[in-house]
Amino acid sequence: MGISLQPHAVRELTGLGLEDVLAATGVATAEQVYADGHGERRFAEEAGMAAGYQWPQYAIHRGELQLLLLDAVREQLGPDAVRTGTRLESFADELDAVRVRATDRATGLPATIEARALVGADGARSAVRAALHPDQGPMRWSGVRMWRGVTESAPFLTGRSAIIANDEHNVQLVVYPVSARRPLVNWVCLAPEAAPGPLVENVGWNREGSADDVLRHLAGWDFAPLGVDIHELVTSTPAIFEYPMVDRDPLPGWGRGRVTLLGDAAHPVYPTGANGASQAVVDARVLAKELAAGGDTAAALARYEAARIGPTGDVLRANREMDRSMRKREGRDPVAAITDKYRQTTGGDVATVNAGA
């Protein structure tokens, strides 16, 4: 599936020397076009370097991003730096190290791993977070269901445009190219189907969806003015996945001792704002900086948490507010005001990002 890297995340990855491989892999988004279900433009804004940032904004296939990061880690730290197929069962933070009890998924054999620190970067349904916060309760469901897919499709508009469209029923469709190597287009359909509330188990997660389920929400939609055939886009998608749109209320603290959280494990957010992955990248930079300073590991993790828990909480709340604002607006309310407020609130405006360390 596709993922968006905002300029503040690309800044960090550029600092790791990944600018060339990012440019060769992803699509540097040039504009975001807001439209209605009939393909009529409501508003458009420039993105990335076209908007004045010193770094691009990239749309990229999630798998391709993971592989290029994996290659970079192995190049820097050696071929055995990453162990895959290992499920965390439990952990103990002891005086000299964190000891993790794990299971090899392929063989079922147990394994014990010792490390200076344990960072739970294991997603919105984090096992590390559940162990640290056993009373956290279920995730918070927005009442919106999402269908996602990637398919080969002809370029549209500038070839580097993202389309965000809403109709009068609060159904949203987001479409953007994600690969510099192949004509791949990512799309996401979001449709409200219930009142917000706790996520229940039968809502489903990452299960297979169908083109018919998506198209019934897009009946009457027409993106011909934008150069996109919606029916062809959806029906040509080889695999469609279905998710509830969820987040969690901010935690008062992430970790303890030598154990902490990062990314969606710490602060899962709505996709509104396309900022979740970028915040995880910034988390990692701050975490690395504090650990590299040396000294006590637990103190370094505490400094990392103190630096990031406030800003990521701001992003979570801003994503909720942006989602509400985009859904409740009437007629041709100024999308520009909504998106500008979001960037100012989350520190993603041009001046702040360009002045960043």
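Which residue forms a salt bridge with Arg-99, and how far apart are the closest N and O atoms? The partner is Asp-96, and the closest N and O atoms are 3.1 Å apart. This is a predicted model. Arg-99 is partly exposed, with a relative accessible area of 22%. Asp-96 has 53% relative accessibility, so Asp-96 counts as exposed, the cut-off being over 50%. The pair belongs to a network: salt bridges that share partners join Glu-94, Asp-96, Arg-99 and Glu-114.

Now the strands around this network. E6, E7 and E8 form an open sheet in that order, with antiparallel pairing. Strand E6 (86–93) and strand E8 (110–115) stand at the edges. Each has a single partner strand, so one side of each is left without a neighbour in the sheet. From one strand to the next, the twist averages 25°. Strand E7 covers residues 98–104 and pairs with E8 over six antiparallel bridges. One of the pairings sets Val-98 against its bridge partner in E8, Ala-115. In a regular strand, side chains alternate between the two faces of the sheet.

Another antiparallel pair is a hairpin. Strand E3 (residues 31–36) and strand E4 (residues 41–46) are joined by five bridges. Ala-35 has Arg-41 of E4 as its bridge partner. Four residues lie between the strands of this hairpin, and Gly-39 takes a positive phi near 80°.

Next, helix H1, residues 7–15. It is mostly covered, with seven of its nine residues buried. Pro-7, His-8, Ala-9, Val-10, Arg-11, Glu-12 and Leu-13 are the buried ones. What do they pack against? Their partners are strands E1 (2–5) and E5 (58–61), together with helices H2 (19–25), H3 (62–77), H7 (276–292) and H10 (350–354). Just after H1, Gly-17 takes a positive phi of about 85°.

Turn to the loop between strand E17 (259–261) and H7, where His-267 is found. Is His-267 buried or exposed? Its relative accessibility is 5%, so His-267 counts as buried. The side chains of His-267 and Asp-283 are joined by a polar contact of 2.6 Å. Beyond its neighbours within four places in sequence, His-267 is in contact with Arg-129, Trp-254, Gln-279, Asp-283 and Thr-312.

Then the nonpolar interior. Nonpolar side chains tend to be buried together in soluble globular proteins. Here the largest nonpolar core has 24 residues. Met-146, Val-174, Tyr-176, Leu-190, Met-245 and Met-326 have the most contacts inside it. Strands E10, E11, E12, E13 and E16 each give two or more residues to this core, as do helices H8 and H9. H8 (297–328) gives the most, with four residues. Apart from this core lies another, of 23 residues, among them Trp-147, Val-175, Leu-226 and Ile-240.

Last, the charged pairs. The whole structure holds 19 salt bridges. One of them joins Asp-247 to Arg-140, with the closest N and O atoms 3.7 Å apart. Asp-247 lies in strand E16 and Arg-140 in strand E10, so the pair ties together parts that are 107 residues apart in sequence. Asp-247 is buried at 0% relative accessible area, while Arg-140 is partly exposed at 28%. Glu-242 forms a salt bridge with Arg-207, and there the closest N and O atoms are 3.1 Å apart. Glu-242 is in strand E16 and Arg-207 in strand E15, 35 residues apart. Glu-242 counts as buried at 7% relative accessibility, whereas Arg-207 is partly exposed at 35%.

Methods. Residues are numbered from 1 along each chain as its sequence is written. This is a predicted model: local features need pLDDT of at least 70, side-chain atom pairs count only at pLDDT 80 or more; totals for chains, interfaces and linings use all residues. Side-chain values use heavy atoms; hydrogens and water are left out. Buried means under 20% relative accessible area, exposed over 50%, partly exposed in between (1.4 Å probe, protein chains only). Contact means heavy atoms within 4.5 Å. Two strands pair if DSSP finds at least two bridges between them. Axes are lines fitted to C-alpha atoms, for helices over the stretch in contact, and angles run from 0 to 180 degrees between N-to-C directions. A polar contact is a pair of N or O atoms within 3.5 Å; within protein, one must be able to donate a hydrogen and the other to accept it, and residues adjacent in sequence count only if both atoms are side-chain atoms. A nonpolar core is a set of buried Ala, Val, Leu, Ile, Met, Phe, Trp, Tyr and Cys residues joined through side-chain atoms within 4.5 Å. A salt bridge is a side-chain nitrogen of Lys or Arg within 4 Å of a carboxyl oxygen of Asp or Glu.
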